[in-house]
Amino acid sequence: MDFEQLYTTYFRKVYAFALSLSRNAHTAEEITQETFYRVLRNPDAFEGRSSVDTYLCSIAHHQYVSMLRRQKHIDFRTDTAQLSAPGGFLRSRAECAILVQKADTGGKTMSKVYSWRKLNEKELTRVYLDEMRRDFPPTELKPLSMILNSEANGTAHTWGVFDGETLAAYLLMVRPAGSRVSQLDYFAVLPEYRSAGLGAQLLADLPQHERGAQAILIEAECPDKAEDEAMAVRRLGFYSRCGARDTGFTEHLFDAWFRILVLDCPGAGTFADRQAVDALVDCYRRTISETEWQKYVQFYCPDGTKYC
């Protein structure tokens with residue numbers, strides 16, 4: 001089993017186990033991230049003497065104990081038994097968004113109200129220069145001119161999420177005319193608003209703002225090909241906990257590799273894996289020229305064969 005398949009199959013179980021130990025969503029995320037990162041760095045350590053999930057949970061337990069020794073104590077802020085559904089898997093995306101908030105805010109859901117609005121060209125430029133260059137590696141970041149051109153021709157838009165007049169998060173969306181789906185191109189919560197459940201809540205709220213979209217498509221960097229492997233693992237974990245499904249398909253875009261995830265919109269049914277990839281292909285073909293398409297974008301099936 002390769003790393004991507006291992007991660008997709010066992011992430012939720014390891015996270016639920018870490019959560020049962022730490023009773024803290026942020027700590028459980030760190031433990032899970034470190035667990036898979038260690039597997040990625042030493043893939044031959046598993047000798048088959050136990051089941052794979054037992055092996056992974058033993059690593060997670062070791063990370064938890066190591067964390068306790070380093071920190072001397074961990075703040076056990078909430079009972080997280082409710083975070084796991086029967087079988088050790090997390091609940092639905094909507095439930096997860098609420099429960100992660102509770103775990104990160106002392107058992108209370110967020111009472112603060114955030115406002116959404118689309119950013120203008122000047123605001124987007126500032127976000128790109130001040131925030132996106134910090135939040136994303138250069139290989140993953142499109143040129144500013146390309147982003148602004150997409151906004152100008154109506155194939156993309158950017159949501160700013162505000163705490164009063166202060167920007168708390170941003171979501172860059174691609175949705176050309178005629179597309180059935182919205183593509184989440186870039187998404188980040190500003191540092192001062194992290195670790196409070198805001199990201200999960202925004203992802204749960206996104207479909208109601210992308211009105212008419214049948215699904216939200218997400219490109220998440222492949223950990224084994226990322227510059228920052230640990231961060232890539234963490235992002236995949238975040239999207240998985242929020243209900244995004246890994247299609248198994250991968251994408252080579254410019255110089256970066258991504259896994260293709262799909263977040264179904266309420267009331268729109270379930271997008272099959274191949275259907276989701278076809279929708280993403282259609283989205284790209286509506287936004288870039290055939291020459292650019294052939295040169296910069298390739299999709300691959302779960303077995304590694306080229307899809308298109």
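This is a predicted model: local features need pLDDT of at least 70, side-chain atom pairs count only at pLDDT 80 or more; totals for chains, interfaces and linings use all residues.

Visitor: What makes strand S5 and strand S7 a pair?
Guide: Two strands pair if DSSP finds at least two bridges between them. Strand S5 (residues 215–221) and strand S7 (residues 256–264) are joined by 7 bridges, so they pass that test. The two strands run antiparallel.

Visitor: Why are S1 and S8 called edge strands?
Guide: The open sheet has 8 strands in the order S1-S2-S3-S4-S5-S7-S6-S8, with mixed pairing. Strand S1 (115–118) and strand S8 (297–300) each pair on one side only, and the twist averages 30° from one strand to the next.

Visitor: Which strands does helix H7 touch?
Guide: Helix H7 (residues 198–209) packs on the sheet and touches S1, S2, S3, S4, S5 and S7. The direction of H7 makes about 155° with that of S4.

Visitor: How do you know that Asp246 and Arg259 form a salt bridge?
Guide: The cut-off is a side-chain nitrogen of Lys or Arg within 4 Å of a carboxyl oxygen of Asp or Glu. For Asp246 and Arg259, the closest N and O atoms are 2.6 Å apart, so the pair qualifies.

Visitor: Why are Asp246 and Arg259 called buried?
Guide: Buried means under 20% relative accessible area. Asp246 has 18% and Arg259 has 6%, so both count as buried.

Visitor: What makes Asp130 and Arg126 a salt bridge?
Guide: Their side chains meet at 3.7 Å, N to O; the limit is 4 Å, so the pair counts. Both residues lie in helix H5 (residues 121–135), 4 residues apart, about one turn of the helix.

Visitor: Why is Arg126 called exposed, and Asp130 partly exposed?
Guide: Exposed means over 50%, buried under 20%, and partly exposed is in between. Arg126 has a relative accessible area of 55%, so Arg126 is exposed. Asp130, at 39%, falls in between and is therefore partly exposed.

Visitor: How do you know that Arg286 and Asp282 meet in a salt bridge?
Guide: The value is 2.7 Å, N to O, which lies within 4 Å, so the label applies. Both sit in helix H9 (residues 273–287), 4 residues apart.

Visitor: How many salt bridges does a search of the whole structure find?
Guide: The search finds 13 salt bridges. Glu131, Arg134, Asp135 and Arg194 are linked in a network of salt bridges.

How values were computed. Residues are numbered from 1 along each chain as its sequence is written. Side-chain values use heavy atoms; hydrogens and water are left out. Axes are lines fitted to C-alpha atoms, for helices over the stretch in contact, and angles run from 0 to 180 degrees between N-to-C directions. Contact means heavy atoms within 4.5 Å. Buried means under 20% relative accessible area, exposed over 50%, partly exposed in between (1.4 Å probe, protein chains only).
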